[in-house]
Amino acid sequence: MSDAAARLEVALRTHRAQLRQGNLLIGGAFLLAFAAALPVGGFSLARLIEGWPEILSYLGAILPEIRHDHVVEDVGKWYWGFWRYLRLMVDTVLMAYAGTLIGLVGALLLVFPASNLLGRSRVLRFACRRMLEFSRSVPELVFALIFVVAFGVGPLAGVLAIALHSAGALGKLFAEASDNLDTRPLDGITATGAGWFGVIRIGVLPQVLPNWASYTLFRFEINIRSAAVLGFVGAGGIGQELYTSIRSFAYTDVSAVLLVIVAAVTMVDLASQALRRRFLDEDVIG
Amino acid sequence: MSASADELARWDSVIPGIVRVPLRRRALGLLPGALVVLLTLWVFIHLGLDPLVIWAGLGRLGWLLGFMLPPAHGGLLGVFIWAMAETLAMALLATVFAAVLAIPFGLLCTRSTGTLAPVTFAARRLSDVVRGVDPLVWALIFVNVVGLGPFAGILALTLHNTGDLAKLYSEAIENIEKRQLDGIRASAGSPFAVMRLGALPQILPVLTSQALYYFESNTRSATIIGAVGAGGIGLLLTERIRLYRWDEVAFLILMILAAVFVIDAVSQRLRIVLIEGRKAPLVA
C-alpha cells in the first residue's frame, strides 16, 4: 500500500472516531435535554390523546357550514362582519406601514454612527450598536404590552412597538450592507474635500440603497403579520377582533377573520416581492 | 474652473432643460413625493399618532422606566427560573416534534418522490394555512381547547413549525442533485444505498440547519406566547406588567435577552460542529 493511501486510511479512521465521539456527546446531551423538557413542558402522550378529539372538534367547529344549494346565503352569514373586518385589516396594514416608516427613520439615524466604516466616535458607535441590539432583541409584543400602559389602548401603542423593533432589525441589516461596501469611491470623494455628509450622500447611499429598500419592504411584510396579532394585548388592528372571537367561542368568526388576515398578508407579500425584485434587478443593471 | 454663465445659457438653448430644469417639470417631479407625504400624514392622523398624545405618553413611559431601575426579582427568582425553563422546554419539544412530523408531511408536499398531484396540492395548501397563521393565534386557540399552560404552547409552536418545515424539507428534497444518485446506482448500489449515500448527505445538512434555526426562532416565540396564557415566561411578564411591578418586568426582559443570546450562541456552535465538522478531511 502506498504511503498516501496509508495516510488517507489513518486520517479517515481518526476522523470517524472523532465524529462518533462527537455524536455520542451531542446525542447524549440532546436526549437528556429532551427527557427533562417533557415534564417541565407538561407534555405527555396521555394528555395529547385525551385532548385530540377536542382539538379536532374545535377545528371542525370553526369552519363554516356551506350548503351547496345555499352558497350565497351561507357565505353571507359567515362573513356577516365583512366590512368591519376589511376596515380593521386596512388599519392593520396602515399600522405596519407607519411602524415600518418610523422604524426606518430610526434605523437611518443610528446606522451611520454605528457602522465600522463610517462611525467617527467610538463611544457613539458603541452606544448606537447597543441600542440597535436591544431594540431588535426584545419582541414587539413585549414593547406593545408596556406601550399599552404608557400610551393607552389603541393603534398608537402598536405602531410604536413595531417601529422600535423594526429600527433594530433594519439597523442590523443596514449596517451589514454598509460594512460590505466598496471603499474606493469613498476615498475618491474624501480626496475631493467632501465632508462626512458628502461621503455618505455621494459614496455610500448609491451603493446601499437597492439593498436597503429591499430589506425595508421585507420588514413591511413581516410587520403586517405582527400588526395582525398585536391587538391581542390591546395595541390596535384586527387582532382585537380575532381575540374577542376566539375568547367568546364565536367559532365561524374565527375562521372568517383568519382568512381575511391570510389573504391580505398573501396579497401584500406578492406585491412587495415583485417590487423587491425590481429594486435588486436595477441594482444589477445600474 | 467653472463654466461661465454665457456658456451655460448656450448649452441650455442647445439641449433645453439640461442646465435649468423648467419649473413645471420640477413640480411634476415632486408630485409623487408630495402625494406620499400627504398619504402618510393622513395615516398618522387616522391611527391617532397625535404629537400631544405621544408627548404625554413619553412622559408616562419615562416615569415607568424610572421604576424599572434597578431590575429586581422581588424574591421570585425561583418562579422566574422555572418559567424560563418552561419556555425553553416548549421551544425544544416543539422543534423536535415539528422536525419529525414535517418529514412525512414534507414528502407529501413533494412531487419528485412520486406523490400524486392532488395529494401534493392538498398537502401544500394545508401547509400554507398552518404556517400562515401566527404562532400566537394558534396558542390562543389551543389555550381555549386544552386549557392554560405550556402544553397549549407546545401544540401551537409544533403546528406552526410543521407547516414551515414541511415546505423547506420538500424544497430540499426537490433540489437534490440527481447525478450523485446516478453515480451510486451506476456503481451497483442498492436502493437503500442510493438513499443513504446519495440523498441523505445532501438533505441532512439542510434539515439540521433548519431545525437549529427553528429552535432559535421558537425560543423567541415561546417567550411571548405566554401573553395569551400558553405558559412560560411570557405569562409572568404579562402578569407583572398588569401589576405594575416594573422592576420585575425589567428583570424578566433581561432574562429573556440573556436566554435568547445563549441559545443563539449554542445553536451557532452546534451548526458549525454538526455541519462543518461532518465534512471528510482533505488529505493530499
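## Backbone geometry in two loops

Phe249(A) lies in the loop of chain A between helix H10 (239-247) and helix H11 (251-285); helices here (H or I, at least four residues) and strands (E, at least two) are DSSP runs, numbered from the N terminus. Although Phe249(A) is not a glycine, its phi is positive, at about 55°. In chain B, Leu69(B) and Pro70(B) are joined by a cis peptide bond with omega of about -10°. Pro70(B) is found in the loop between helix H3 (51-68) and H4 of chain B. Most residues other than glycine have a negative phi, and most peptide bonds are trans.

## Basis of the description

This is a predicted model, in which local features need pLDDT of at least 70 and side-chain atom pairs count only at pLDDT 80 or more, while totals for chains, interfaces and linings use all residues. Residues are numbered from 1 along each chain as its sequence is written, chains are lettered from A and ligands numbered from 1 in the order in which they are written, and side-chain values use heavy atoms, with hydrogens and water left out.

## Chain and domain organisation

The secondary structure of chain B comprises 11 helices and 0 strands. The radius of gyration of chain B (taken over C-alpha atoms) is 29 Å, whereas a compact globule of 284 residues would have a value near 19 Å; that globule rule is 2.2 Å times the number of residues to the power 0.38. The C-alpha trace of chain B spans about 85 × 65 × 50 Å along its principal axes.

Domain bounds come from an automatic or database domain assignment. For chain A the assignment gives domain 1 (3-62) and domain 2 (85-285), with C-alpha centres 36 Å apart. For chain B it gives domain 1 (23-68) and domain 2 (77-276), and 38 Å separate their centres, taken over C-alpha atoms.

## Packing between the chains

Helix H1 (residues 3-40) of chain A packs against helix H4 (residues 77-108) of chain B at an angle of about 115°, with the axes 8 Å apart. Axes are lines fitted to C-alpha atoms, for helices over the stretch in contact, and angles run from 0 to 180 degrees between N-to-C directions. The crossing of H1(A) and H4(B) is left-handed (the near helix is turned anticlockwise from the far one by less than a right angle; clockwise is right-handed).

Contact (heavy atoms within 4.5 Å) involves residues of H1(A) including Phe30(A), Phe34(A) and Leu38(A), and residues of H4(B) including Trp82(B), Glu86(B) and Phe97(B). The contact residues divide into 13 nonpolar, no polar and 1 charged. Ala, Val, Leu, Ile, Met, Phe, Trp, Tyr, Cys and Pro count as nonpolar, Asp, Glu, Lys and Arg as charged, and the others, Gly among them, as polar.

## Packing within chain B

H4(B) also packs against H7(B), at an angle of about 40° and with the axes 6 Å apart. The two helices are therefore oblique to each other (angles under 35 degrees count as roughly parallel, over 145 as roughly antiparallel, 65 to 115 as roughly perpendicular and the rest as oblique). H4(B) passes H7(B) in a right-handed crossing, and the contact residues divide into 18 nonpolar, 8 polar and 1 charged.

The axes of H7(B) (residues 150-174) and H9(B) (residues 191-224) come within 11 Å and cross at roughly 155°; these helices are therefore roughly antiparallel. Their crossing is right-handed. Among the residues making the contact are Leu157(B), Asp164(B) and Tyr169(B) of H7(B), and Ile203(B), Gln210(B) and Tyr214(B) of H9(B). The contact of H7(B) with H9(B) comprises 11 nonpolar, 4 polar and 1 charged residues.
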